[in-house]
Amino acid sequence: MNATQQNGFSLIEIMVGMVIGLLGMIVIMQVFAVSESGKQTTTSGGDAQQKAALSLNTIEHDLRMAGYGINASSALMGCKINGYNATRTPQTFDFVLAPVVITQGTGNLPDIITITYSSSSVVNSPASITQNMPSPSSAYKVNNRYGFTPGDLIVIAESGKDCTLGQVTDTPGGGQSDNVIHNSGNYTNSDGNNVPADYNKPGGVSSINYTTSAKLYNLGPLPINNVYSISSSSLNLMSNLTAANETISDNIVDLQAQYGIDTDGDGEVNEYRNSADLDGDGTTTGLEYSKVLSVRFGLIARSTKREPSCDVTTSVPTWAGGSFNNITANADWQCYRYRVFETTTMLRNMLWTPS
């Protein structure tokens, strides 16, 4: 009886097959890795574009409102406002009475943009002070207190003196119908609730006694003094009145800005400058701020993915105002992709500023 003959693969044939299979797997994985790398590059580039667009639109929205409610007396702009907020850390702070203040970064550091405007629903001229103040905490006697309501933040300004921030706590009737009270402690708001006057420091925020040359600005109940800056490769927004911080977008690595100035008084921007100090005396006056009609700014977003080949960016990105040299502080800056966004925003509230 003949044994049944059995056919199959030899060991050599099996090993050859395994080698071919492994080579195929290597090829497939390489194709997948290249494809996945390309997808990640595209995705991270898209993310950078979206974050840059969001950051630009956020700043631009505030710039369009800049100067609202504080543009009625251009000669008084530019003063330092001394402020106090019992719920803030630190409680004392200051800012400039101006629609936009651009703080140029030293060296190649990013710029800082500070934007201020009122939230008052009533657009009116600042009230005139009609009686010299015997003490910093005295009531403001004004020629017209239309639009002032308890809870509104107010700024008193006088040429040659620092300005002071306060909060309306009462507008009494009868024989005191010209008084704007700004006491410390509690006050009754429009809802009838007893709430603290956080912005009124006992004894007064400053030691300045204002005279009949002063003006009283109504900033409304929720004015804006927003500070935009770059911190830890992110666009940061700080409300200077409360010291609250929030991150607008990450991987925003530089911010640069310039004033658009009407240098000859024809109502049009004639020059873009890093400083609003037109006469070069080291200070910026209210009349100089009134010549600022627009702001040109640019920001740059970086992709989240670090490319293995560090030659994806071979030159420093630029914008209309120069170069974003701050990105070179990172030794790996050439390993990332960048997107530049820039725009020019007219300060529409400054187009109607009286001299």
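Is Cys163 buried or exposed, and what is its relative accessible area? Cys163 is buried, with a relative accessible area of 0%; here buried stands for under 20% relative accessible area, exposed for over 50%, and partly exposed for what lies in between (1.4 Å probe, protein chains only).

## Basis of the report

The model is predicted: local features require pLDDT of at least 70 and side-chain atom pairs count only at pLDDT 80 or more, while totals for chains, interfaces and linings use all residues. Residues are numbered from 1 along each chain as its sequence is written, and side-chain values rest on heavy atoms, with hydrogens and water left out.

## Disulfides

The whole structure contains 2 disulfides, a disulfide being a pair of cysteine sulfur atoms within 2.5 Å. Counting bonded cysteines along the chain, the pattern is 1-2, 3-4. Cys79 is in the loop between helix H1 (11-65) and strand E1 (80-84), and Cys163 is in strand E8 (residues 163-167), so the bond ties together parts that are 84 residues apart in sequence. Helices (H or I, at least four residues) and strands (E, at least two) are DSSP runs, numbered from the N terminus. Cys79 is buried, at a relative accessible area of 12%.

The sulfur atoms of Cys310 and Cys335 are 1.8 Å apart and form a disulfide. Its torsion about the S-S bond is about 100 degrees, so this disulfide is right-handed. Distant parts of the chain are linked here: Cys310 belongs to the loop between strand E18 (292-302) and strand E19 (318-319), and Cys335 to the loop between strand E20 (322-323) and strand E21 (338-346), 25 residues apart. Cys310 is partly exposed at 34% relative accessibility, whereas Cys335 is buried at 2%. Between Cys310 and Asp279 there are 46 Å in space, C-alpha to C-alpha, and the two are 31 residues apart in sequence.

## The loop between E18 and E19

Ser303 lies in the loop between E18 and E19, the loop in which Cys310 is also found. Ser303 is buried, with a relative accessible area of 1%. Its side chain reaches the backbone oxygen of Lys305 at 3.4 Å. A polar contact is a pair of N or O atoms within 3.5 Å; within protein, one must be able to donate a hydrogen and the other to accept it, and residues adjacent in sequence count only if both atoms are side-chain atoms.

## Aromatic rings and charges

The whole structure holds 2 aromatic pairs. Rings of Phe, Tyr and Trp (its six-membered ring) pair if their centres lie within 6.5 Å; planes under 30 degrees apart are stacked, over 60 edge-to-face, and the rest tilted. Phe93 and Phe95 are stacked, at 6.3 Å centre to centre and 10 degrees between the planes. Both Phe93 and Phe95 are buried. The ring centres of Trp319 and Phe324 are 6.4 Å apart with the planes at 35 degrees, so this pair is tilted. Trp319 is buried at a relative accessible area of 8%, and Phe324 is buried at 0%.

The charged end of Arg296 sits over the ring of Tyr272, 4.2 Å from the ring centre. Arg302 lies over the face of Tyr336, at 4.5 Å from the ring centre. A charge sits over a ring if NZ of Lys or CZ of Arg is within 6 Å of the ring centre and within 35 degrees of the ring normal.

## Backbone features

Most residues other than glycine have a negative phi, and most peptide bonds are trans. Thr89 and Pro90 are joined by a cis peptide bond, with omega about -5 degrees. Pro90 is located in the loop between E1 and strand E2 (92-96).

Ser232, a residue other than glycine, has a positive phi near 55 degrees. Ser232 is in the loop between E13 and strand E14 (234-239) and is exposed, at 70% relative accessibility. Asn251 likewise has a positive phi, near 60 degrees. The loop between strand E15 (244-250) and strand E16 (252-261) contains Asn251, which is buried at 12% relative accessibility.
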